[in-house]
Amino acid sequence: LVVVGSASLPQNLALLVRILDPNKAESRFSFFLSPKALLNMAASTSWQPQEEGFKEICGLLDQHISPTSDKSQIWQQLQHYSQFPDFNNYLVFILARAEGKSVEVRQAAGLLLKNNLKTAFKSMTSAYQQYIKSELLPCLGAADRHIRSTAGTIISVLVQLGGVFGWPELLHTLVKCLDSNDLNHMEGAMDALSKICEDIPQVLDSDMPGLSEPPINVFLPRLLQLFQSPHASLRKLSLGSVNQYIMLMPTVLYASMDKYLQGLFVLANDPTAEVRKLVCAAFVQLIEVRPAFLEPHLRNVIEYMLQVNKDPDDEVALEACEFWSAYCEAQLPPDNLREFLPRLIPVLLSNMVYAEDDESLVDAEEDGSLPDRDQDLRPRFHSSRFHGSENAEDDDDDIVNIWNLRKCSAAALDILSNVFGDEILPTLMPIVQAKLSATADAAWKEKEAAVLALGAISEGCINGLYPHLSEIVAFLIPLLDDKFPLIRSITCWTLSRFSKFIVQGIGHREGHEQFDNVLMGFLRRILDNNKRVQEAACSAFATLEEEAAEELAPRLEIILQHLMCAFGKYQRRNLRIVYDAIGTLADAVGGELNQPVYLDILMPPLIAKWQQLSNSDKDIFPLLECFTSIAQALGTGFSQFAEPVFQRCLQIIQTQQLAKVNPVSAGVQYDKEFIVCSLDLLSGLTEGLGSGIESLVSQSSLRDLLLQCCLDDAPDVRQSAFALLGDFARVCPIHLRPRLSEFLDVAAKQLNTPKLKETVSVANNACWAIGELAVKVHQEISPIVMTVISCLVPVLQHAEELNKSLIENSAITLGRLAWVCPELVSPHMEHFMQSWCTALSMIRDDIEKEDAFRGLCSMVKVNPTGALSSLVFMCKAIASWHEIRSEDLHNEVCQVLHGYKQMLRNGAWEQCMSALEPPVKDKLSKYQV
């Protein structure tokens with residue numbers, strides 16, 4: 001064994017592994033040395049630190065961890081040192097061997113080493129790589145837990161960088177340590193192993209040269225054995241490690257499933273909360289990905305989860321609570337759960353009551369007049385403009401985004417109500433009614449949870465609630481004025497969940513009155529002095545606006561007065577939500593907003609804020625979005641405000657494009673979101689003003705800026721740029737002409753990319769823009785027609801794998817190109833007619849569909865035989881029209897069908913018709929065939 005200590009350690013070890021008997025568990029990748037001897041042997045190598053360098057680096061690390069030091073200066077010095085090739089050797093030496101230094105300094109060396117290795121390890125000499133690895137292994141048995149843990153973290157990073165094949169000593173060492181009876185060695189190895197299992201579990205489930213089986217086969221029996229350890233730390237780490245393999249399900253775990261489940265049942269009542277939490281996590285994952293394993297034990301598991309859902313430790317209860325949603329989403333038979341509902345629902349309701357330490361209780365006391373701190377402002381995300389039928393739905397946001405037992409219980413109740421519907425009401429409603437009728441101040445949290453429960457079941461139990469909804473809403477309205485702010489805020493949310501019902505009732509007197517009461521209640525709460533209530537009220541009002549749409553028109557003045565009053569009163573964070581409510585209002589009422597009395601209330605405060613914010617202030621984002629909605633709603637009514645808005649958008653884009661290459665001369669740091677929001681506002685202006693924007697465009701550099709944005713490397717910038725290109729093409733294509741070929745080339749490139757699925761929204765908008773340009777510039781589109789067609793055909797042929805909107809836009813653009821250049825497209829008809837007609841039949845009636853069918857008719861005239869083999873599909877596409885409004889297109893479609901009827905003789909036409917379903921034939925009768 002002496003050779004093993006020589007310089008070529010890995011090769012010798014691999015050789016040794018092959019010589020030893022592969023069938024003996026002990027020798028599968030280990031050999032007969034004590035852990036200590038093995039660890040120390042691994043660390044014998046030639047590099048030695050210089051005393052002076054050692055002292056300097058320790059001194060710097062000492063300063064680095066001192067709370068009073070100048071961090072940036074020390075960081076610069078450490079960066080300077082990191083240029084020396086053996087700097088990382090010093091760091092590992094300090095971590096592993098600087099016994100005389102404080103644990104904090106040694107740990108700091110280890111954490112700095114971990115960060116350095118992520119970028120530097122692969123370029124280090126193999127001798128230095130080997131030195132670092134060999135010094136780390138003895139740390140697994142260090143007396144201090146922090147040193148062991150830091151070493152485990154670095155080892156996991158090294159395995160992420162290079163796998164374990166090049167480091168066989170690691171596997172030997174881990175096995176030896178786990179098999180020793182030394183707690184430090186066992187904990188150190190288990191800590192490193194658990195981090196590897198968490199970060200890169202697949203590494204241990206791979207075949208390796210020189211090993212007879214994947215490493216997980218050797219580790220798993222040892223991990224399962226550790227479930228019985230008297231030491232909680234080892235039980236926790238071993239269980240956490242095995243849980244990481246539920247998704248991957250290696251053969252060895254599949255084969256050991258009974259043993260694993262037995263282990264879980266033994267640990268189910270572990271005295272340590274962290275272990276119980278991991279047991280719950282295992283059952284949740286198993287029910288999600290491998291429910292068949294739990295089926296024989298399902299009653300016991302449900303019974304257990306019900307018990308731990310009441311665990312005194314909130315984190316254990318939270319993990320258990322995840323089980324109910326996971327069970328329902330796995331679409332397992334509801335019957336297994338049904339009998340437990342009378343016991344489960346009261347537990348969920350009791351867990352929906354605010355915990356004493358819930359952060360929301362502190363936030364709820366915050367006064368609306370206190371300015372927000374920067375850390376109060378959540379990051380916001382603008383979603384780029386998208387042309388098509390699929391826009392992401394906003395998730396219901398229960399105001400503060402910290403997942404806890406209360407929210408998890410409400411989510412579970414929501415999903416149970418969707419699975420079991422009104423069945424849960426007999427258990428639930430008596431508890432809810434009892435909580436709602438409590439009058440004592442001390443019971444306010446119970447009352448609040450009952451209101452939350454009504455909101456949670458508003459969708460799933462709507463049928464059972466429906467006869468009582470008027471009473472429920474009537475009961476909730478006074479709670480909008482409750483003395484407790486969290487009751488006021490949750491009542492806003494719950495009422496907003498019944499928006500559809502509240503709006504439907506407008507037709508009769510009582511319903512009309514109730515709608516007005518809810519609306520005025522929300523408006524009062526928008527002006528609440530509590531920030532949390534303001535936020536809930538604005539969000540609830542935005543939901544009601546979307547549902548009520550034009551019904552809001554008669555109440556516009558009072559709505560605007562309240563919103564603009566809030567605009568003057570709110571701090572920065574909630575101001576964003578007011579912008580959203582104003583934008584949603586504009587979207588809801590559209591042109592109704594275009595009256596001087598409304599504009600006089602709405603615009604002056606917005607313009608004042610617009611002038612007050614600088615071009616580099618992120619608070620301008622929601623204002624840009626708000627103006628986008630207003631510009632689209634007002635249409636030409638926005639012209640009086642258009643010029644300064646247009647010019648400002650151009651300035652922002654120019655400044656940001658400069659900042660991208662030279663932030664110093666731009667005076668701002670680059671942030672692409674400024675460009676995206678400005679492009680989207682220009683799109684809104686173009687849509688609103690129509691050809692009225694031409695006078696602004698003609699005097700500007702917009703065309704060149706837009707082309708630059710179409711070429712940007714950020715997908716969301718390109719996405720918004722192509723949306724604007726399409727909007728522009730509709731209203732003033734003349735200003736694009738000087739660089740038309742460049743616009744067309746770059747748009748076509750978006751469709752011809754191997755990463756189409758990753759940038760599908762960019763491709764979608766580019767495709768739509770090409771179609772808009774085609775119908776405006778006609779023959780000038782011809783140079784790129786075949787390039788675009790060759791990209792669109794594969795999209796249509798793989799429709800089931802791609803997003804619906806891209807399919808629709810591809811079908812429309814193909815039709816528009818065929819309409820403009822039928823002689824170029826028609827020779828290739830038989831390659832795409834079938835998939836194209838299938839896509840056309842899915843599109844709703846509109847002007848774009850008309851253009852596509854003009855293309856169809858033009859091609860058939862040039863090449864009638866090209867569609868013969870797809871005639872059934874073409875007939876289905878024609879039958880998909882509810883009504884062709886354009887008389888000339890209707891006549892053209894008639895001609896096409898009659899042409900084929902004459903062309904197909906001797907019963908061929910009748911044969912084609914017999915292949916169609918009766919409803920399709922009925923629809924074709926309006927074309928007189």
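Relative accessible area, taken with a 1.4 Å probe on protein chains only, sorts residues into buried (under 20%), exposed (over 50%) and partly exposed (in between). The model is predicted, so local features need pLDDT of at least 70 and side-chain atom pairs count only at pLDDT 80 or more, whereas totals for chains, interfaces and linings use all residues. Residues are numbered from 1 along each chain as its sequence is written, and side-chain values use heavy atoms, with hydrogens and water left out.

**Loop positions with positive phi**
- Asn-906, in the loop between H49 and helix H50 (908-914), is exposed at a relative accessible area of 82%, and has a positive phi of about 55 degrees although it is not a glycine.
- His-778, found in the loop between H42 and helix H43 (782-797), is partly exposed at 42%, and its phi is also positive, about 50 degrees.
- Most residues other than glycine have a negative phi.

**Glu-892**
- Glu-892 belongs to helix H49 (residues 887-903), helices being DSSP runs of H or I with at least four residues, numbered from the N terminus.
- Glu-892 is buried, with a relative accessible area of 17%, and its side chain makes a polar contact (a pair of N or O atoms within 3.5 Å, one able to donate a hydrogen and the other to accept it; residues adjacent in sequence count only if both atoms are side-chain atoms) with the side chain of Lys-861 at 3.4 Å.

**Helices H40 and H42**
- The axes of H40 (residues 715-731) and H42 (residues 760-777), lines fitted to C-alpha atoms over the stretch in contact, with angles from 0 to 180 degrees between N-to-C directions, come within 8 Å and cross at roughly 20 degrees.
- H40 and H42 are therefore roughly parallel to each other, a term for angles under 35 degrees.

Methods. Helices (H or I, at least four residues) and strands (E, at least two) are DSSP runs, numbered from the N terminus. Angles under 35 degrees count as roughly parallel, over 145 as roughly antiparallel, 65 to 115 as roughly perpendicular and the rest as oblique.
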